[in-house]
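Please work through each task before reading its solution.

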Amino acid sequence: MRALSQLKSQLSPELWCWAQRPRALRQAAFSRLHGLGHIVRSPFGRSTRVEAPTLILDGECRAGRVYLVGAGSGDVELLTLKAARLLQQADAVVYDRLVGGDVLALIPAGRERYYVGKERGHHSVPQAEIGALMVRLAAEGRSVVRLKGGDPGVFGRMGEELAALAEADVPAEIVPGITAASAAAASMGIPLTDRGHAQQLRFVTAQLCREDGTPDWQLLARRDETLVFYMGLSKVAAICAGLRHAGLPDDWPIMLVANASLPEQASLVGTLVDMPGKLADTPLPSPCLIVVGSVVRMVATSPAGASIEQGMR
């Protein structure tokens, strides 16, 4: 009880309420306590007591500014502390479809929320209107969080939104998040790169922006890199065929991960030749990430994978 009183005296009323929430990163708030200390063990038999670090979550969310924030891959515990703080402080939150309910639960009651989600074949709000909305809210003196799934700078149309803000002279700040590629690889227990498998990593959008756009399969068909395709669930067959025709062997590993890091995560592991058939027999939901490369072979032996528990097929 004494520790709780000490904590309460150090936190603002808003952060104190946040610290008491059962799932809202309360351990981060508790780490603000001073003087607890911990023991650093030495391999040579000596130990030293050092002071516990202090975690400060008291940054300012400024009126008239837009914060382009990554919500991460879906698991609320993978949200950055800065993102969580801004969600607590912002006057208005403009959010996408892939932002989970646990993350939205961090927004205090009474704050303004604007849903502008997009999904295949249906955009609830055109991109130009999203930019105009952020500009209007900032001009009215609100502090605004533009909340995007994953990392806002990875296929998140952040460039278009920065351009809209720049045209209106609205100041902005970027807060990165854990992108789906990192979350998918981690949840399957593998690295995205490994010196025995891949010396390069390439992120590719399967949604071609130009009418005549076609992937350069010859450039992508390398054995020394990991390919990660975003937004490509409907193009799995074309991806497999393109890479095979460009020279990758039929048995080259490929992995599909849907809803990475969430309890409903599901996955398929196979080869370029058999993955289209596997997906037809066992459809996966969107969003789904596609990972191609020999590093995928590590899934079978990794001690870190939760894939069996989370629906690996």
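**Exercise 1.** State which residues form the nonpolar patch on the surface.

*Solution.* The patch consists of Phe155, Leu201, Phe203 and Met231, with about 320 Å² of accessible area together. Accessible areas come from the Shrake-Rupley method with a 1.4 Å probe, and for residues only the protein chains shown count as cover. Patch members have over 30% relative accessible area and no salt bridge, with like charges joined within 9 Å and nonpolar side chains (Val, Leu, Ile, Met, Phe, Trp, Tyr) within 5 Å. A salt bridge is a side-chain nitrogen of Lys or Arg within 4 Å of a carboxyl oxygen of Asp or Glu.

The model is predicted: local features need pLDDT of at least 70, side-chain atom pairs count only at pLDDT 80 or more, and totals for chains, interfaces and linings use all residues. Residues are numbered from 1 along each chain as its sequence is written, and side-chain values use heavy atoms, without hydrogens and water.

**Exercise 2.** Describe the aromatic pair of phenylalanine 155 and tyrosine 230.

*Solution.* First, the structure holds 3 aromatic pairs (ring centres of Phe, Tyr or the six-membered ring of Trp within 6.5 Å; planes under 30 degrees apart are stacked, over 60 edge-to-face, the rest tilted). In this pair, phenylalanine 155 and tyrosine 230 are edge-to-face, at 5.2 Å centre to centre and 65° between the planes. Next, phenylalanine 155 lies in the loop between strand S8 (144-148) and helix H7 (158-167) and tyrosine 230 in strand S11, so the pair ties together parts 75 residues apart in sequence. Helices (H or I, at least four residues) and strands (E, at least two) are DSSP runs, numbered from the N terminus. Finally, Phe155, Phe203 and Tyr230 form one aromatic cluster.
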